[in-house]
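Colleague: Can you walk me through this model? Keep it short.

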Amino acid sequence: MEKIVIIGNGISGVTFARFMRKLGYQEQLIIISSETKHFFSRTALMYIYMGHMEYKHTKPYEDFFWSKNNIELVYDHVKKVNTQDKSLKLESGEAINYDKLVIATGSKPNFFGWPGEKYNGIQGLYSYQDLQKMEKNTEGIKKAVIIGGGLIGVEMAEMLRTRDIEVTFLVREGHFWGNVLPREEAEMIADHMRKHHINLHFNAQASECKSKDGKRVSSVLTTEGEEFEADFVGITAGVSPNIDFLKESNIETDKGVLIDEKFQTSVNDIYSIGDCVQHRNPPAGRKSIEQVWYTGRIMGETLAQILTGKDVRYNPGPWFNSAKFFDIEFQTYGTIDVEKQENENRFFWKHPKNNVAIHLAFDKNTGRFIGINNFGIRLRHEFFDKKLKMKAHISEVMSDLNEATFDPEFFRSYEDEIISEFKNSYPEIEVKNQHKPWYKKIFA
């Protein structure tokens, strides 16, 4: 009987195992994980800390799901992959052989080797163990410093504020999430965070963590000589592929595990999916490393199809993502670079009172829609996915904008204001007024 072993029980590994069974695979499937015994929703970690959920509520499948589908779970840590005899060395001392291996070990928080980085009270936030560690590290504290201006940092800030912990946020760039958000959006988010009592400091690069007792962190120093008191320090300056255990193997890696179009690594019968991979030839419009939930899910499903004989390729479609900045929902579809490109026209609209905004990019010569950032309005993924795939003209996107928004009754509508402002900015582009549902006319 063939044995497929999966290292990692995140969205990629579990989706792969689930679809192998769904597609009729009857051979042995083993998932190895040292994080948790059962798959859980990683994005829900913050809600456990905030008291909105318990760990058991974050598991998409009942515990009997695994035995029902004949998927064996091994709670252990893989220390080494021996490709010569197709075996895995586990921390427990046990060894597991495989016929095919799927590496789906996800990401790990970035650390930078600062002096004092290993003091108690300093950590990242990615795994369930990180959440447990944060519970312990923040018990009874008053002041925290978060280093790194990205989404994980925002989540951590929100978590800490629910316990009335004073939060200082150090951002290396000149504005928030400076490698992703254009300045208009970044300034809006920064203002919003300040209203939630976050002390933001831009152009502030940490250089050292200090301790008064030589055990627990007491402050953070920056390269400019500023010092910020801290009982807790969150390191949230991004993540990187979790592949340290492969260093002594002959599996080729760079920043991540290098894979081809069929997720094959440099070693026969070894595949890799999810946050830990680096595509040798990424799909058009995509990056070689993309650490988001839905790409991991698509990879898991696609690899299952490949290994059950389907002639398919990984196709995540146009880029999209979503997140929350406290109570502001954020969506992005297509490409909105930090700086306006030479071939682009841009349109930015913000509501004069509410934290609601959109930022559009389209080709100045052809009018082709390139991308949108959206804050505070729920937009339909399928609408923009279709427009991006068909390379729609910006006039078509704007004319059909009412189709892009969700239509719950009594929900505030902003299409009229957005389209009116767009016409003022680009009077040469024809935008047709489309029919709107009756209740939008009444309750707008």
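Colleague: What kind of model is it, and how are residues numbered?

Modeller: It is a predicted model: local features need pLDDT of at least 70, side-chain atom pairs count only at pLDDT 80 or more, and totals for chains, interfaces and linings use all residues. Residues are numbered from 1 along each chain as its sequence is written, and side-chain values use heavy atoms, with hydrogens and water left out.

Colleague: Start with the parallel sheet. What is the strand order?

Modeller: The order is β9-β16-β10-β11-β12, an open sheet of 5 strands with parallel pairing. Helices (H or I, at least four residues) and strands (E, at least two) are DSSP runs, numbered from the N terminus. Two strands pair if DSSP finds at least two bridges between them.

Colleague: Which strands sit at the edges?

Modeller: β9 (122-123) and β12 (198-202). Each pairs on one side only.

Colleague: How many bridges join β10 to β16?

Modeller: There are 4, between residues 143-147 of β10 and residues 232-235 of β16. A144 has F232 of β16 as its bridge partner.

Colleague: Which strands does α6 touch?

Modeller: Helix α6 (residues 183-195) packs on the sheet and touches β11 (166-171) and β12. Contact means heavy atoms within 4.5 Å. The direction of α6 makes about 145° with that of β12. Axes are lines fitted to C-alpha atoms, for helices over the stretch in contact, and angles run from 0 to 180 degrees between N-to-C directions.

Colleague: Is H197 buried or exposed?

Modeller: Exposed, because its relative accessibility is 54%. The cut-offs: buried is under 20% relative accessible area, exposed over 50%, partly exposed in between, with a 1.4 Å probe and protein chains only.

Colleague: And what about F263?

Modeller: F263 is not a glycine either, and its phi is positive at about 70°. It is in the loop between β18 (257-259) and β19 (270-272). At 1% relative accessibility, F263 counts as buried.

Colleague: Switch to aromatics. How many aromatic pairs are there?

Modeller: The count is 27 aromatic pairs. Rings of Phe, Tyr and Trp (its six-membered ring) pair if their centres lie within 6.5 Å; planes under 30 degrees apart count as stacked, over 60 as edge-to-face and the rest as tilted. F347 and F422 form an edge-to-face pair, 5.2 Å centre to centre with 85° between the planes.

Colleague: Why does that pair matter for linking the chain?

Modeller: F347 lies in strand β23 (residues 344-350) and F422 in helix α11 (residues 415-425), so the pair ties together parts that are 75 residues apart in sequence. F347 is buried at 2% relative accessibility. F422 is buried too, with a relative accessible area of 0%.

Colleague: Which residues form a cluster?

Modeller: Y294, W319, F320, Y333, F369, F383 and F384 form one aromatic cluster.

Colleague: Where does R163 lie?

Modeller: R163 lies over the face of Y49, at 3.6 Å from the ring centre. R42 lies over the face of Y126, at 4.3 Å from the ring centre. The rule is NZ of Lys or CZ of Arg within 6 Å of the ring centre and within 35 degrees of the ring normal.

Colleague: Now β22. How much of it is buried?

Modeller: In strand β22 (residues 328-334), 6 of its 7 residues are buried. β22 pairs with β21 (residues 320-325) in the antiparallel sense over 6 bridges. K324 has E329 as its partner in β22. F326 takes a positive phi near 55° in their hairpin, which has 2 residues between the strands.

Colleague: How many bridges pair β22 with β25?

Modeller: There are 5, also in the antiparallel sense, and β25 covers residues 369-375. T332 is partnered by N373 there.

Colleague: What covers the buried residues of α8?

Modeller: The cover includes β22, β25, α9 (394-399) and α10 (401-404). The buried residues of α8 (residues 381-389) are F383, F384, D385, K387 and L388. K391 follows α8 and has a positive phi, near 55°.
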